[in-house]
Structure formats: structure tokens, C-alpha cells
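Biologist: I am new to this structure. Could we go through it together, beginning with a charged pair?

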Amino acid sequence: MAEKITFQVGTNSIHIETGKIAKQADGAVTVQLGETIVLVATVAASTAKPGQEFFPLTVDYRERAAAAGRFPGGYFKREGRPTEKEILTSRVIDRPIRPLFPKGWYNEVQVQSVLLSADGENDPDILSIIGASAALMVSDIPWDGPLGAVRVGRISGQFVANPTHVQMASSDLDLVYVGNLTDHVMFEGAAKEISEADFLAALQFGHQACQPIIAAQQELARRSGKPKRAITRNVVPEEILNEAKSLAGDRMVPALLTPRKLEREAAVKAVTDEISQKLVQKFGPEKVTVFVLKDIFYYIQKEAVRSLILNSGKRLDGRGFADVRSITSETGILPRAHGSALFARGETQAVVLATLGTTEDSQEFDSYTGGNSEKQFILHYNFPNFSVGETGRISGPGRREIGHGALAERSIEPMIPLKDFPYAIRVTCEIMESNGSTSMASVCGGSLALMDAGVPLIRPVAGISIGICTEENDKHEISRYQLLTDIIGWEDAFCDMDCKLAGTEKGITGFQLDLKLRGIPHKHMVETVEQARIARLYVLGEMAKTMTEGRKEMSKYAPRILILKINPEKIGALIGPGGKNIKRIVDESGCEINIEDDGTVKIYSVAEEGMKIARQAVEGMTAEIEVGKSYRGRVVSIKEFGCFVEVFPGQDGLCHISELANFRVKQVEDIVKIGDEIAVKCIGIDDKGRVKLSRRVAMEERDKEMAKNA
């Protein structure tokens, strides 16, 4: 039986309906805001696959062109591989729901969201998160929800829940917030240097806005929810785990405290290999499988790392809890790149390249849901296997690479004055070494590479990651904790939080929270944000030793730009029939020329001579005669009362016989002949657009200038 529930978030009504569509799924709902509707359906396998060693959760969000009443672009007229927007939305659904599944339950779960209707005003990403939570709540799948989700904007200093795309154009904050009844669960987004206090206020605003969403899902589950299924957890036999812990004794801790990553991994491997052999000998290979060994050593290492932090006050690499690893950076490391930088923080290292192009190089994409359909600034992140000393499949960018690149991109973009810097900009981050928070290294290296390329950043941007190690009581409340600045990979793996915060010396520009916990209380987030601020300022100080602002001169290999303004009525003449004129200018000059509807002409060229040729051609075809300016023109016709002089192609004016010389002229032919080039000055334009020229005034001014310089 279909059930529908409606609730208010801010000034908007949201509707969740179940039992009408996709009834064979374990749980399915539609969520509607305005005329934007998403379907979210979830199914869990009845059993785990034999030998399954991890929880196989797949979250997939897809948009249909038909939802916006459009055809897909491309030859086949069918949706293909997921777009960047679809991948990022899938990730934003996945991250908050994943920690709430039972530990040790390895049945495959799929959560699929499909955009059914798009009104171009309300973004479906928030609805998809709500839908995933609601679908899991009404299903028989074990899951510790519900969650609420809301987009928070700030317009004229006021927070707004779920603003439209039109409203977001005026917002200095784009916060995607997910929370439960009491705590923060996930957030991500960007801001225009929002202060730490205002950012925390935005989190609290988002948390309050989530409460009616959570209440509505609880009511929907009460009405239509299925009883949760009984499950079987894969756990390591206690006798084997106890034996492994006994064999490890106190040997694991010294191995873990090895300062450098590769040496630490080797030391830990030596201990685990020895213990593994003894366990297999005692219990047999049937009981001590690869899965059992992985689980055992993950548990032992996790317990040891957390005990070192919480009980011994030690980090694996010997740093203090608030210390940032050593930082080195340099710029201009690659001769042909328009801008380049090397940024290293401990054993995390990024080589970053900046490329400048024309606005024609901006990325265009189909946008069915509204918002921008073009990107002038692009940041791409690459994570090769060698950066962690491993081999593996080599392929195109995965979801992680796209997500990390998007985080770094939105962190830097608020500081690029795109309206005043008419270039398309691409930053490519190549991770050379990885041991924690490569996305934040990409932010730092990206800022340096952009400045090296001559991009006039408003202020440099840096980023840092803060972790947390916690101990919970029986009620799953945090009873003890320790914040960790600039976490390394092992702390990310064995602790509970990865909170990335990027910004300038003035405020926050980008953020992302990932948790392994069910949620984190606001009071701990207050400390996290402050610790990140202190660390960010330190990183900015280290970057300032290398560069603090964009170079005044761009690379000789970067395109130069000249912006001219012409009368929009002359655009057709400049382009010419079938583009004949503009093609000729491009061929002769070697430049790229972009013409906008308002008469703005942008000329891009690497060669100065080419720029000069293009400028003269454009100005010659589009310039207009102005009163008070002198020109050199060609006599095109002669009359009894004067001659007509062509100043620009297709533009001429009358030089009356009285204006030919500073004495009385009997016949025009006594002074000029057809084809002569003469200097003239525009002395007037009448209300009918007729131009009056004077050779006499132009000659007098020339004589005065010569006398002055003599």
C-alpha cells in the first residue's frame, strides 16, 4: 500500500512516497522538491559471496535527459558512462550511509538513485541522500538510520535551507550537510572565505533543518517499514584471535612506531608473516584463511594504534598531536608548463601543473538539473600506483580521483578572479608520493602552480586534514578522544575521522567530512575547526617562503590576451560572409579570436607579432571615426567642393575644399588626387552621421609638434 509523507524544510515542502514504484526492491521511495523528483531503490543480497572479505556497497546515481524534457548530447542519443556530476552525487550519498551498516556483515548492497524529473531549480543531490536514507529505513536491510540532508546557502548574511540555483548565484556558501538526531555525520562544499564562527553556525543551522526530515522518515518507517532481517556476521573465531594477540605480545608496537611509511610497513609485515605461519601450523589452513588473517591483523594493528594515541600519547611518526609534518615547496620546476609547483608535506608529494587557455577551452557539459553548464576553471587529480609503492590496474580516473579533484577545485576556485582574468585554466595534480591527505596537498600545490603561471589569485589557499581517535561507551557516545592534525595514511585507516578544511588567511573556502563513526558532536567539531585554522595558517606561512602572489609576467609559452570593444553592429562585418573575414585574420596572424555578442573581441596569441597583426586587422574593420582624432586616410573621390577620404574600410568623410590647406584653394586637384594618402583630423559628425575631416588642422598640429621637438 502506498504511503506518502510531507514535511517542511525552510520555506519548502518535501514529499516522500513509498509502496507505489519499484515494489520488488527491498526498499524504494520517491522524493520530491518543487518539480524535481528522484527515485531511490535499495536491494541487499540474501547471502554473502563465498570468501567475501569486505562490505560490498555500491551507490549509483544517474540522470536521465528525459527528466528535463531533453535529448542526450552525442551521436547515440543515449546516456552513457556516468558524468562527473553523477559520480560526485553517488559519492555524497555513499559516504554518510556506509558507516551505519552492521560491522562484519558482508552481503552485497546496492543503492540506486534515478532522476525522474528535473525542474532546473532544485538540485537532486540532497533529495537522493534523503531518498537513500528513507529507502533503507522502510526496507528489511539492517541499517542504523535515519539521516537528514540539506543544502545550506548564505544570502545577504542569512542562512537559507535548500536554496534554488538562482538563489545560489548570490550565495557565498554552498554546504551539503548530513546529520542524525544529535550529531554531524557528513558535510562537503565550498565558501567564499567564510569565517570559522560562521561556518560552525552554518553546521548548526543545517543540523536543525535536518530534524523534520529525520522525524518524517521515522513516521514513514512506522507506517510502511518492513521488519529488519536476521543477519550473520563474519567474525574471527575468538580462540584464533586470542592466540594471535598472544603471539604478537608487545612486538607490534615497536614495529608501528617505525617513523617512515615503507619501513613501518616492512616491520609490521615481518611480525605478521611470522605470526601467520604459527597460526596456520596450529589451527590449519581451513580455519586460518586469508580473510581470517586480514581481519586478525587489522584488529590487532587498529587496537595498537588507538592505544598508542589514547593511552600513551604517541603518534606513529613521533609527532605531537597538533604538529604538521615538514613542508617543502618550489615553483617553476617544468620549463614548458605555463605554471608548475612541487609541494611536499612529509611523505605526501604532489607535482602540479597549471595551463592557461582561451575561453573556448572552457569545459561544457549537459546540465539537466540547472546551474552552470560551463567551467572556466578545472582541476584534475591523478593517483598512480607508484605513489604508494604498489602495482595495480592502470586505467582512467576512478571515483576517488574525481572526488579528490572536485574537493581541491572548489577549494581554490573562490580565489580566482575569473571575471577579470579571461582565460580558461586547468590545473593537473600528479600525486608522486602518498601518505595522507593528497587532496589537501593538491590545494597547496595548485595555489603555487597558479601563481607561478601568473594567475592573480586573490589570496593563496592551503588545506589540512584533521583526524580523531575515539573511545565509545556502551551507548555509542564518545567518552574519550584525541584530535590529530595532518593525519597520515595509517591514522586515516585505523582512526575515526578525516575532516579536510581548506582556505586562506581570512577564512574557509573548501571542506569535506568523512566519518567511520555514527556521528560527531558539535563540540568536537568546534575544536576540529579551530585546530584546522591554526594548522592552515602554518601551512600558508611555509608556502609564503616560496611564493605569495602571482607572477607579473606569464610564461612565454602561455597565450597573451588582448581585449577590444567594438560596436555590436559591426560583428557581422568582422566575421564576414561564412566567416571569411575572421578566418583570414586568424590565418594571417596565427591568433585565436573570440567574439562575444556584446562586441567584446578577445585575441589570444603566443607571438607578439601575431597579436599586432590581428589587432590592426580587427580595428581596421571595426573602428569608428571619432571627433578630435587624427587619421591617415586615402582619397577615394573628388568633387568641386572637396574630397572624400576613406579612413577605415567602408568609412569615409568629407574634407571640404576650405579644409584642404591654410590658404585659399582654387581646385581640389591642386592639392590631392584620387589614391593619395593624406593626414586628416575629424572636426565633427553631424546628426545624420556625416563625417567632417580637415587636412588643414592635421597639418597645423603636425607642424606645431615638429617645432616643439626641434
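Modeller: Arg480 is partly exposed, with a relative accessible area of 31%; buried means under 20%, exposed over 50% and partly exposed in between, using a 1.4 Å probe and protein chains only. This is a predicted model, in which local features need pLDDT of at least 70, side-chain atom pairs count only at pLDDT 80 or more, and totals for chains, interfaces and linings use all residues. Residues are numbered from 1 along each chain as its sequence is written, and side-chain values use heavy atoms, with hydrogens and water left out.

Biologist: Which residue forms a salt bridge with Arg480?

Modeller: Glu471 does, with the closest N and O atoms 3.0 Å apart. A salt bridge here is a side-chain nitrogen of Lys or Arg within 4 Å of a carboxyl oxygen of Asp or Glu. Glu471 is partly exposed, at 36% relative accessible area.

Biologist: How many salt bridges are in the whole structure?

Modeller: The search finds 56. One of them links Asp498 to Lys500, where the closest N and O atoms are 2.7 Å apart.

Biologist: Are Asp498 and Lys500 buried or exposed?

Modeller: Both Asp498 and Lys500 are buried. Elsewhere, salt bridges with shared partners join Asp317, Arg319, Arg325, Arg345 and Asp486 into one network.

Biologist: What is the strand order in the open sheet?

Modeller: The five strands run β11-β12-β13-β17-β16, with mixed pairing. At the edges are β11 (327-331) and β16 (377-382), each pairing on one side only. Neighbouring strands are turned by 15 degrees against each other on average, direction ignored. Axes are lines fitted to C-alpha atoms, for helices over the stretch in contact, and angles run from 0 to 180 degrees between N-to-C directions.

Biologist: Which strands does helix α10 lie across?

Modeller: Helix α10 (residues 438-452) lies across β11, β12, β13, β16 and β17 (424-433), at about 145 degrees to β12. Contact means heavy atoms within 4.5 Å.

Biologist: And where does helix α12 lie?

Modeller: Helix α12 (residues 522-544) lies across β11 and β12, running at about 40 degrees to β11.

Notes. Two strands pair if DSSP finds at least two bridges between them. Helices (H or I, at least four residues) and strands (E, at least two) are DSSP runs, numbered from the N terminus.
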